[in-house]
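Visitor: I am new to this protein and would like a guided look at its fold.
Guide: Ask away, and we will take it piece by piece.

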Amino acid sequence: MRVIHEMKFVGRLASGADEWSCPACGRRVTVRRLPEPELTVLDPGDETAVHVGVIEPDARAAAAADKYGLGPVQEIPRPPRPAAPAVPDEEDRRWLAEIGIDWDGGAAA
């Protein structure tokens with residue numbers, strides 16, 4: 001089972017999104033609610049942990065959890081992290097220079 005970190009509500013931004021942070025690992029996100037939901041990761045923190053947070057922990061939240069069968073988190077799939085951009089080796093750099101691309105300087109050779 002993965003470690004669960006509890007996110008803390010920081011505040012509402014001018015955009016209307018809510019900012020959350022994790023005191024355990026430093027993860028920071030903004031969450032925009034319906035009708036146009038969006039999650040933006042500002043600082044990934046510990047990406048192996050499951051992060052949860054509740055704005056208003058009350059009887060309604062517990063009833064909703066019971067209604068939808070929410071319980072202890074076992075596994076939350078995450079999308080794969082994008083691959084790091086490839087770095088050309090010396091042979092590729094020579095070829096790039098031959099066709100007018102200065103990879104290290106960013107300007108045409």
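Visitor: Is Trp-20 buried or exposed?
Guide: This is a predicted model, where local features need pLDDT of at least 70, side-chain atom pairs count only at pLDDT 80 or more, and totals for chains, interfaces and linings use all residues. Residues are numbered from 1 along each chain as its sequence is written, and side-chain values use heavy atoms, with hydrogens and water left out. Buried means under 20% relative accessible area, exposed over 50%, and partly exposed in between (1.4 Å probe, protein chains only). Trp-20 has a relative accessible area of 9%, so Trp-20 is buried.

Visitor: How many aromatic pairs does the structure hold, and of what kind is the pairing of Phe-9 and Trp-20?
Guide: The structure holds one aromatic pair. Rings of Phe, Tyr and Trp (its six-membered ring) pair if their centres lie within 6.5 Å; planes under 30 degrees apart count as stacked, over 60 as edge-to-face and the rest as tilted. The rings of Phe-9 and Trp-20 have centres 5.5 Å apart and planes at 65°, so the pair is edge-to-face.

Visitor: How many residues apart are Phe-9 and Trp-20?
Guide: Strands are DSSP runs of E with at least two residues, helices are runs of H or I with at least four, and both are numbered from the N terminus. Phe-9 sits in strand 2 and Trp-20 in strand 3 (residues 18-21). The pair links distant parts of the chain, and the separation is 11 residues.

Visitor: In what order do the elements of the protein run?
Guide: The secondary structure comes to two helices and six strands. From the N terminus on, the order is β-β-β-β-β-β-α-α.

Visitor: Which strands are the edge strands of the open sheet?
Guide: Four strands form the open sheet in the order 2-3-4-5, with antiparallel pairing. Two strands pair if DSSP finds at least two bridges between them. Each edge strand pairs on one side only: these are strand 2 (8-12) and strand 5 (38-43).

Visitor: Which residue in the turn between strand 3 and strand 4 has a positive phi?
Guide: Four bridges join strand 3 to strand 4, and the two run antiparallel. In strand 4, Val-31 is the bridge partner of Asp-18. The two strands form a hairpin with six residues between them. In the turn, a positive phi of about 90° belongs to Gly-26.

Visitor: Which residue in strand 5 is the bridge partner of Arg-28?
Guide: Strand 4 (residues 28-32) and strand 5 run antiparallel, joined by five bridges. They form a hairpin with five residues between them. Val-29 stands opposite Val-41 in strand 5. For Arg-28, the partner in strand 5 is Asp-43.

Visitor: Is Thr-30 buried or exposed?
Guide: Thr-30 lies in strand 4. Contact means heavy atoms within 4.5 Å. Leaving aside neighbours within four places in sequence, Thr-30 is in contact with residues including Leu-13, Ala-17, Leu-39 and Leu-42. With a relative accessible area of 11%, Thr-30 is buried.

Visitor: Which residues is Gly-11 in contact with, leaving aside its neighbours within four places in sequence?
Guide: Gly-11 lies in strand 2. At 19% relative accessibility, Gly-11 counts as buried. The residues in contact with Gly-11 are Ala-17, Asp-18 and Glu-19.

Visitor: What is the distance between the C-alpha atoms of Trp-103 and Pro-88?
Guide: Trp-103 is in the segment after helix 2 (90-98). Trp-103 is partly exposed, with a relative accessible area of 44%. Leaving aside neighbours within four places in sequence, Trp-103 is in contact with Ala-86, Pro-88, Arg-93 and Leu-96. Trp-103 and Pro-88 are 15 residues apart along the chain, and their C-alpha atoms are separated by 8.4 Å.

Visitor: Which residue takes a positive phi just after helix 2?
Guide: At the N-terminal end of helix 2, Asp-89 is the cap, with a side-chain oxygen 3.2 Å from the backbone nitrogen of Glu-91. Just after helix 2, a positive phi of about 95° is taken by Gly-100.

Visitor: What share of the 109 residues is buried?
Guide: The count covers the 109 residues in the protein. Buried residues make up 16%.

Note on methods. Polar contact = N/O pair within 3.5 Å; in protein donor to acceptor, adjacent residues only side chain to side chain.
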